[in-house]
Amino acid sequence: MGSYLVRRFLLMVLTLFGMSVLIFVMLRLVPGNIADILVDASGADPKEKARIAHELGIDRPIAEQYVSWIGGLSRGDLGFAYVSERPAIEEIAPRIPISAKLAGMAIFFAVLLGVPFGVISAVKQNSSLDYFLRVISLSGLSLPSFWLGLLVLMASVQWFGTIPIYDSNPHGFLQDVAMLSLPAAVVGFRSSALIMRLTRSSMLEVLRQDYVRTARSKGASNASVNYDHALRNALLPVVTIIGIEAAFLVGGLIVTETVFNIPGVARFLVEAILWRDYPIVQNLVMLIAFVVVMVNFLVDMAYMALDPRIKFGD
Amino acid sequence: MRMRLAILAASCAAFVTGASPVLAQKAGGTLRISHRDNPPSASIHEESTISVNQPFMAVFNNLVFFDPNEKVNSPDKIVPELAESWSYNPDQTQLTFKLRQGVKWHDGKPFTSADVKCTWDSLAGHTPDDKSLIRKNPRKLWYSNLKEVKTNGDFEVTFVLGRPQPSFLTMLAGGYSPVYACHVPDRVMRSKPIGTGPFKVVDFKRNESIKLVKNPDYWRKGRPYLDAIDWKIVPNRSTRLLGFQSGEFDMTFDSDVTFPLLKDVKANKADAVCEARPTNVSSNLLVNRDKEPFNNADIRRAMVLALDNKAFHDILSQGHDLDGAVMLPPPDGFWGMPKEMLPTLPGHAPDIEKSRAEARELMKKAGYGPDKPLKIKIATRNIAIYRDPAVILIDQLKQIYIEGELEPIDTTVWYTKLARGDYQVGMNLTGVGIDDPDVNFYENYYSTSDRNYTRYKNEKVDKLIDAQSAELDREKRKKMVWEIEKILADDVARPIIGYNVANTCWDPKVKGILLQVNSIYNGWRLEDAWLDK
């Protein structure tokens, strides 16, 4: 196990290094840089571009820029944001908890609904309840987040005369949760639908296994069969999909943070890409890459906990 | 007699209803306004967008200002601000301002003539880069006639011009001409600017909000009325407008409510006060005359003859947009050519079918026809207000054997592409900071301007632009302006499709707002705004 963890750690470092090179090069392949944008968008004299490019250091050789970035990153110095001209860490750090809370609540919401409803749907296969839950899950997969978000906001105005506008200084934990719960539900709805469908199909497969029949013939209760015997074995693919969904949640967050006007990481990343704000984009994408790598690792660890037959070792 | 009585009655009613709110102005409260996007910075002198002007104008003062009580920005309605008075020398080449005394910057330092000199030395490019108050200078062209700024003591300053230029004072009166402080570095001005204005910046959080609070030491006693202004940055328009309808915001962003959206706003908030006005932002056709086959004047002329401006206006703004030439048309515009002159310009004739028949003949002459259409790409910025007219343009050009393909360009590289001439045909929107011929002509049509995106070069027009700029007789100058407008239209320099008209809405409790009709970039000092609650 120890050597597996070491190998895994080295692989993670290698993956992150590869990502850093990829991000760095790809960003510079996109046409236009911050100096072009700043000068051309405002209609200023094109001669001013060179001065701004020099001031920001983007006229240096690309390898030198890369070494400077990675060197800084290893010391915890993320550089200066081009647009705000503040240390990148000061721009990024306050936004991480906002998106982390939103993502956490979305995944919590998705698992809370997806797993139990998936189990119920499988156990009550072909009943009206099953059909109803399947329609709900299909709608979750087919409704785009931005549309659902706007619908929620419109309904909120129509029925309650208000909308949940983000407040950076919430009055306590409850207001914080209340403020983020609607957007989290919108992001989590799609994931919950996916989890529900996968739980259902996985459960159906397990419920047809011999050992389940054996458990029933031994007189085990329905609850015991469904939850103790079947669910644990059905959860393996579900955990995989939860991991993938958690890793790819950023896509959903971009839309939701925009519609609900939440100043999180995802919306900020899009804005930074549009402005070619390299220090922000590079560091944020690296952060996301790190989260994805870690989630993958945790999912693998969860396999071991769920199925003792799985061993990672020499 | 009946008419006189009616006028008397109306005057009495206006006095009773109009005068009473003036007496009832209340101090205090926070005005909450939605903002459409992230301002690139807070430094007005470095940017060219209403996203910066609207929130940050309240932080500054100008030397002179367009009278905030007048709807039309006009050279006849300029009032003093940090200047107390001004005068010209006999040959109109020296403009001297006596400055207000006792004015303080938000950090407590005194305002003096040195600040005025610093600001305009930087703007005119007379300061070395490392000493400049700005990093980039989009309006350097405005001050190309400014030779020197001289101070005479702490409270008098003289602008020395190369030749008489009546527009110079007008340019100083716009929202793009605040006075900056010598002692504040450009980086600070971009993030948390210091001004002398009615409000101070507390916080500018990118992607989130801009918070301004009342300046208690404001030189104009009794102003501002508001305690604070909160701008919330909400990039999604649907969310912004829903926020206004639900009472989260007291006011929408300037011109944020299009006519199709106005119905929704009114349906959910019947008491909303909504005012439509021209934005002095024109939709215009860019034809790159350096690229084949658009170096052929016949093809350029055919394209403009194919335009049905009314169809654009009907589809885009339910018929509210204005037809005009290079300058915003009267009565909202101060300089635009009279309405009766417009039909004489190509692209504005009432008989569209006749114009298109002529256009088809020109296309045939150039070798194109129904069996051999001209295939082109029509580039535009990838946002709805640009894309929508571009789609209509594609449809209209089909009538004259031109098959256009939409090429949506990412916002951030749109201006880069235009500046490099990296396009064939484009649909563009052009905002004019001040309704003034010098501002518009020099920026967009002068042969040496970087923003002359169509690469239009006409020595005669350059000379005429210079001549009108120096002309002191207003009526004579107007006629020169109209002549230039006509030449630019005949030469298809940058055909104007229409002037946008859009709505700004606010809650009825917001008082003291007066929207000026010939530029959205001015009039946002907000020192007279107050909340009736």
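How many of the eleven residues of helix H12 (residues 249-259) of chain A are buried? Nine are, and the helix is mostly covered; the legends below take up this and other views of a predicted model.

In this predicted model, local features need pLDDT of at least 70 and side-chain atom pairs count only at pLDDT 80 or more, while totals for chains, interfaces and linings use all residues. Residues are numbered from 1 along each chain as its sequence is written, and chains are lettered from A and ligands numbered from 1 in the order in which they are written.

**View 1. Overall build of chain A.** Chain A has 14 helices and zero strands (DSSP runs numbered from the N terminus, helices being H or I of at least four residues and strands E of at least two). Its C-alpha atoms fill a box of roughly 85 × 60 × 35 Å along the principal axes. Of the 314 residues in chain A, 39% are buried (20 or more other C-beta atoms within 10 Å of the residue's own; 12 or fewer is exposed, and in between is partly exposed; C-beta atoms are placed from the backbone). Among contacts between residues at least 6 apart in the sequence of chain A, 74% join residues at least 24 apart (a contact requires C-beta atoms, placed from the backbone, within 7 Å).

**View 2. Helix H12 of chain A.** The buried residues of H12(A) include Leu249(A), Val250(A), Leu253(A), Val255(A) and Val259(A). Glu257(A) is also among them, as are Gly252(A), Thr256(A) and Thr258(A). After H12(A) comes Asn261(A), with a positive phi near 55 degrees.

**View 3. Packing of helices H6 and H13 of chain A.** The axes of H6(A) (residues 95-123) and H13(A) (residues 265-274) lie 8 Å apart, at an angle of about 125 degrees (axes are lines fitted to C-alpha atoms, for helices over the stretch in contact, and angles run from 0 to 180 degrees between N-to-C directions). The two helices are therefore oblique to each other (angles under 35 degrees count as roughly parallel, over 145 as roughly antiparallel, 65 to 115 as roughly perpendicular and the rest as oblique). H6(A) contributes Arg95(A), Ile96(A) and Ser99(A), and H13(A) contributes Val265(A), Ala266(A) and Phe268(A).

**View 4. Contact between chains A and B.** Chain A provides 39 residues and chain B 36 residues. On the chain B side, helices H5 (186-191), H6 (237-245) and H12 (411-420) of chain B each give two or more residues. The largest share, six residues, comes from H12(B).

Methods:
Two residues are in contact if their C-beta atoms, placed from the backbone, lie within 7 Å.
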